[in-house]
Amino acid sequence: MSWLSILWGLLLLLCILKPGIRSSADRLDGRVLELDDSNFDSAISSFDYILVDFYAPWCGHCQRLSPQLDEAAPILAGLKDPIAVAKLNADKFTTVARKYEIDGYPTLKLFKRGVPVDYHGPRKAHKLVSHLKKIVSPDVSILGSDSAISDFVEAVGTYFPIYIGFGLDEMVISHLAIKYKRKAWFSVAKDFSEDAMVLYDFDKVPALVVFHPNYNQQSVFYGPFEDEFLGDFIKQNLIPLAVPMNRETLKLLSDDDRKIVLTIMEDENEEKSQKLIKLLKAAASANRDLVFGYVGVKQWDEFANTFGANEDTNFPKLIIWNGDEQYFTVIGYESLDEEEDQSSQISRFLEGYREGRMEKKMIKGPSFMDYMNVISIAAVFIIVFLVAILMLIRRLSTHDDNKPRKDIYDDDDDDEGEEESSAESPESDYEVRKKED
């Protein structure tokens, strides 16, 4: 063995033993690595993918995120393209924090071969895993057999829609796959059998099949495969034909500029509601310029009540909503009659919308009585405040002017407590603490 080989071996051993550097076997143990300013650079350079949590010990959101990362770490370590998980106390190791412009906690960054990318996705363990798998995956996966197709569909999971191009050149969809990489899985099947054609319900090639595993919905596109038409198909099918309205789907719809045909029903799970949802899917398939959504009062009454749904409403109720404070009813078709053909009623509702026979309404705000209650409560506080001021003035008048007035000026602790309480609000995604030089 030459002296050069021995030297390289010693250098490799030193790298493995150096804090923050792990071998391929070590990085699969699924532990969350603790980084500091001495091993940070070596850690991010030793992994192809490493998710770093920049946290502060006092941060409540950081404390809630920590067990989610502990749960996700072993799953991410076991992926085909493993992702290491690490954390750094950014409140202590400020040099590293300043280098990566960390000003809020927790901040998550995914380092892809040393290059940081901000992560703004969900932080619950299973959803975080789904999003990170998506980020590190190829833009377009190439599938060479029926078994490869099955393995791909099973591996990617059910969180995102899946596009498979059968008999399609990957270059046709590659730029759109890059554009929508964070929202869907893209693949091209180079070789497949007639069984696959039956399974995915297409009868000629080339064909682009998209399906939503969570909603058991599928669509097929046979072309033309020019950018305009292909792009419209991909964008319109990022959400299912009929969308159940919840907080997750509202986030998806925030990037969609189409108007929403919203059907409000009493209970989504009733048999009659399921039949109606099938009709909504058919209408959505024929009216791709609109989004068709539905919500059950039993499932999300607060959202349904926003559009005036209450015990006096005739369900199912149909409205047109553009996503802001306004919505529209079609005159004569505010509700569907369950005794008549609902498919025809939906068609007439859409005709009325396209012909402009609508009435504009505002989403529901506080009632007059709500305002009265607010005013009453405010009046009580005003009276209490005035009495407190009078008592304070009377008390001050009995004090020597030269004595320090601790009760007036020494209240910084209370203000700080209020500020910290506000920062811990579950409505915010991370905490910001001003640092002093």
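**Sheet and helix packing in a predicted model**

Reader: In what order do the 5 strands of the open sheet lie?

Author: In this predicted model, local features need pLDDT of at least 70 and side-chain atom pairs pLDDT 80 or more, while totals for chains, interfaces and linings use all residues. Residues are numbered from 1 along each chain as its sequence is written, and side-chain values use heavy atoms, without hydrogens and water. Strands are DSSP runs of E, at least two residues, and helices runs of H or I, at least four, numbered from the N terminus. The pairing (at least two DSSP bridges between two strands) is mixed, and the order of the open sheet is β1-β3-β2-β4-β5.

Reader: Which residue of β3 is the bridge partner of Leu35?

Author: β1 (33-35) is an edge strand, pairing on one side only. Its 3 bridges to β3 (residues 84-89) join strands that run parallel. In β3, the partner of Leu35 is Leu88.

Reader: Is α3 parallel or oblique to α5?

Author: Helix α3 (residues 60-77) packs against helix α5 (residues 125-136) with axes 9 Å apart and at an angle of about 40 degrees. Axes are lines fitted to C-alpha atoms, for helices over the stretch in contact, and angles run from 0 to 180 degrees between N-to-C directions. Angles under 35 degrees count as roughly parallel, over 145 as roughly antiparallel, 65 to 115 as roughly perpendicular and the rest as oblique. The angle therefore makes α3, relative to α5, oblique.

Reader: Which strands does α5 lie across?

Author: α5 runs at about 30 degrees to β4 (107-112). The strands that α5 lies across, with contact meaning heavy atoms within 4.5 Å, are β2 (49-55) and β4.
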